[in-house]
Amino acid sequence: METVVSGIRPTGNLHLGNYFGAVKSFLQMQNEYNCYFFIADWHSLTTHPKPADIVKSARTILAEYLACGIDPEKATIYIQSDVKEVLELYLYLNMNAYLGELERTTSFKDKARKQPDNVNAGLLTYPTLMAADILMHKAVKVPVGKDQEQNMEMARKFARRFNTMYGTEIFPEPASFSLSDKAVKVPGLDGSGKMGKSEGNCIYLMDDAETVRKKVMKAVTDAGPTTPNSEKPEVIQNLFTFLDIVSTKDTYDYFNEKYNDCSIRYGDLKKQLAADVVAFTEPIRERILEFSSDTQLLDKIAKTGAEKSSESAAKTLKEVRQIIGFREI
Ligand code: TRP
């Protein structure tokens, strides 16, 4: 079975954009591949989070993943900092990662611009740590968004470079499994194209019904169509895209007809949309609350995941050490 690895930086709660953009694909992949889904808490240190936030945010994502249906019986779910092997591979890969290429990555340049007082070496070597995450499991597929494409190219380059340098084929070149192509893009309801944390327009899986309703009812609309069958402006198209994602086909068709004969009332559409979003998020929210309240269970799941991940990583590291020329102890 082919191996898949994907990491998520623990930077807050999951929103509908995360769910339909990534988690939903993970749910399918866990049935078809040997999956490792991990929480990239070491990567998050580049911005110097507080210790209390580190513990909380890893548990939050873990509870949310589980509540969404990522199944620890099928996939290996772990917290990056629980699996120390990755650090050793990170060190080896750093020996063949060149300053020039690391400095040229757009994510490094972006972050250096955003946090000029904290341009640390971890930020610079972010791509090597990410490559280590992937290569230690010899993953062949990595589901990522478009923004990670350059990091993926680096991971492939580091894999090739190591193989060539030592004349081995230990690392397969990991292919990006573009989530952006396959997954549904959830639009923002504030007139912006996409739902995202930095856009501040997210509906979170953890939002209660009232919060969801308020957010949906605030969605930007226009004065309404005046000619039958007219094209939908972007803000209206966004609402329909949303309906398409969370509502039934009948609901979609109903409002689409109303739009086309110019009798649509956006208030009605939003009310229905809010109800359908709540019907989707509410059961997930309840499961998140259940998992979150059982930290013992969460820790047990994290521990089992770490053990499974360590086992896979240790195998790779043993080979790597031999290849590099270290003696066995
Ligand atoms: N860099 C990824 C992001 O910001 C997170 C990540 C870290 C990752 N290591 C990974 C993703 C390995 C895929 C595989 O989204």
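Here is a friendly walk through this structure, from its ligand to its aromatic rings and its cysteines.

The model is predicted, so local features are described at pLDDT of at least 70 and side-chain atom pairs at pLDDT 80 or more, while totals for chains, interfaces and linings use all residues. Residues are numbered from 1 along each chain as its sequence is written, and side-chain values use heavy atoms, with hydrogens and water left out.

Let us begin at the ligand.

Now look at the nitrogen atoms of the ligand. A polar side-chain atom of Y126 lies 2.7 Å from a ligand nitrogen. For D133, an N or O atom of the side chain is 2.8 Å from a nitrogen of the ligand, and for Q148 the corresponding distance is 2.9 Å. Taken alone, the ligand exposes 370 Å², and the protein buries 92% of that; such areas come from the Shrake-Rupley method with a 1.4 Å probe, and for residues only the protein chains shown count as cover.

Where does the shell come from? Helices (H or I, at least four residues) and strands (E, at least two) are DSSP runs, numbered from the N terminus.

Stay with Q148 for a moment. This residue sits in the loop between β4 and α8. Is Q148 buried or exposed? At 16% relative accessibility, Q148 counts as buried, a word that means under 20% relative accessible area, with exposed over 50% and partly exposed in between (1.4 Å probe, protein chains only). The side chain of Q148 also makes a polar contact of 3.4 Å with the side chain of D147. A polar contact is a pair of N or O atoms within 3.5 Å; within protein, one must be able to donate a hydrogen and the other to accept it, and residues adjacent in sequence count only if both atoms are side-chain atoms.

Next come the aromatic rings. The whole structure has 13 aromatic pairs. Rings of Phe, Tyr and Trp (its six-membered ring) pair if their centres lie within 6.5 Å; planes under 30 degrees apart are stacked, over 60 edge-to-face, and the rest tilted. F162 is buried at 2%, whereas Y166 is partly exposed at 30%. Y254 and F255 form an edge-to-face pair, 5.0 Å between centres and 85 degrees between planes. Elsewhere, Y19, F20 and F280 form one aromatic cluster.

Finally, the cysteines. How many disulfides are found in the whole structure? The search finds 0, where a disulfide is a pair of cysteine sulfur atoms within 2.5 Å. The sulfur of C202 is 14 Å from the closest cysteine sulfur, in C68, which is too far for a bond. C202 is buried at 4% relative accessible area, while C262 is partly exposed at 26%.
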